[in-house]
Amino acid sequence: VQLQASGGGLVQAGGSLRLSCAVSGRFVQSHGMGWFRQAPGKEREFVSAIAWSGTSTLYADSVKGRCTISRNSAQKMVYLQMNSLTPEDTAVYYCAARRITSVYWTHSALPHEYDYWGQGTLVTVSS
């Protein structure tokens with residue numbers, strides 16, 4: 001599975017950005033998708049997750065109510081709409097894919113449980 005994130009940029013506080021992740025490769029829909037971010041000097045942090053089917057999503061408390069994750073299964077795209085951005089949202093944002101290995105599979109907020117990563121897209125929020 002290959003992942004290509006895009007859509008980052010410079011935005012003023014209070015603004016919005018929409019990140020995109022293009023997914024390709026074999027068995028794409030056998031993976032759950034997630035967004036993570038990493039600010040300078042900090043560890044990688046979970047943002048949100050979604051599967052290719054169903055309505056289940058997962059959000060970090062820090063973005064809940066401000067971000068919406070969505071997908072286009074036909075185009076193999078995953079999106080992260082981010083609103084009301086603050087300087088604390090400044091980070092490199094990564095999309096990631098996690099293999100679905102059992103019927104008990106659920107979303108994960110743990111980076112080490114994801115199998116594939118994109119190259120990241122930088123989001124900078126100015127005050």
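## Around strand S5

The model is predicted, so local features need pLDDT of at least 70 and side-chain atom pairs pLDDT 80 or more, while totals for chains, interfaces and linings use all residues. Numbering runs from 1 along each chain as its sequence is written, and side-chain values use heavy atoms, with hydrogens and water left out.

Strands here are DSSP runs (E, at least two residues) numbered from the N terminus, and two of them pair if DSSP finds at least two bridges between them. S5 and strand S6 (residues 57–59) run antiparallel and are joined by three bridges. In their hairpin, with six residues between the strands, Gly 54 takes a positive phi near 80 degrees.

S5 also pairs with S4, in the antiparallel sense and over five bridges. Here Met 33 has Ile 50 of S5 as its bridge partner. The hairpin of S4 and S5 has six residues between the strands, and Gly 41 takes a positive phi near 75 degrees there. Five of the six residues of S5 are buried, so the strand is largely enclosed by the rest of the structure; buried means under 20% relative accessible area, exposed over 50%, and partly exposed in between (1.4 Å probe, protein chains only).

## The nonpolar core

A nonpolar core is a set of buried Ala, Val, Leu, Ile, Met, Phe, Trp, Tyr and Cys residues joined through side-chain atoms within 4.5 Å. The largest one has 35 residues, and Met 33 and Trp 35 are among those with the most contacts inside it. Strands that each supply at least two of its residues include S4 (31–38), S5 (45–50) and S9 (91–99). S9 gives the largest share, five residues.

## His 107

His 107 sits in the loop between S9 and strand S10 (116–117). With a relative accessible area of 17%, His 107 is buried. Its side chain reaches the backbone oxygen of Ser 56 at 3.1 Å.

## Aromatic pairs

There are five aromatic pairs in the structure; rings of Phe, Tyr and Trp (its six-membered ring) pair if their centres lie within 6.5 Å, with planes under 30 degrees apart counted as stacked, over 60 as edge-to-face and the rest as tilted. Phe 36 and Phe 46 have ring centres 5.5 Å apart and planes at 75 degrees, so they pair edge-to-face. Phe 36 is buried at 0% relative accessibility, and Phe 46 is buried at 8%.

Terms used: Helices (H or I, at least four residues) and strands (E, at least two) are DSSP runs, numbered from the N terminus. A polar contact is a pair of N or O atoms within 3.5 Å; within protein, one must be able to donate a hydrogen and the other to accept it, and residues adjacent in sequence count only if both atoms are side-chain atoms.
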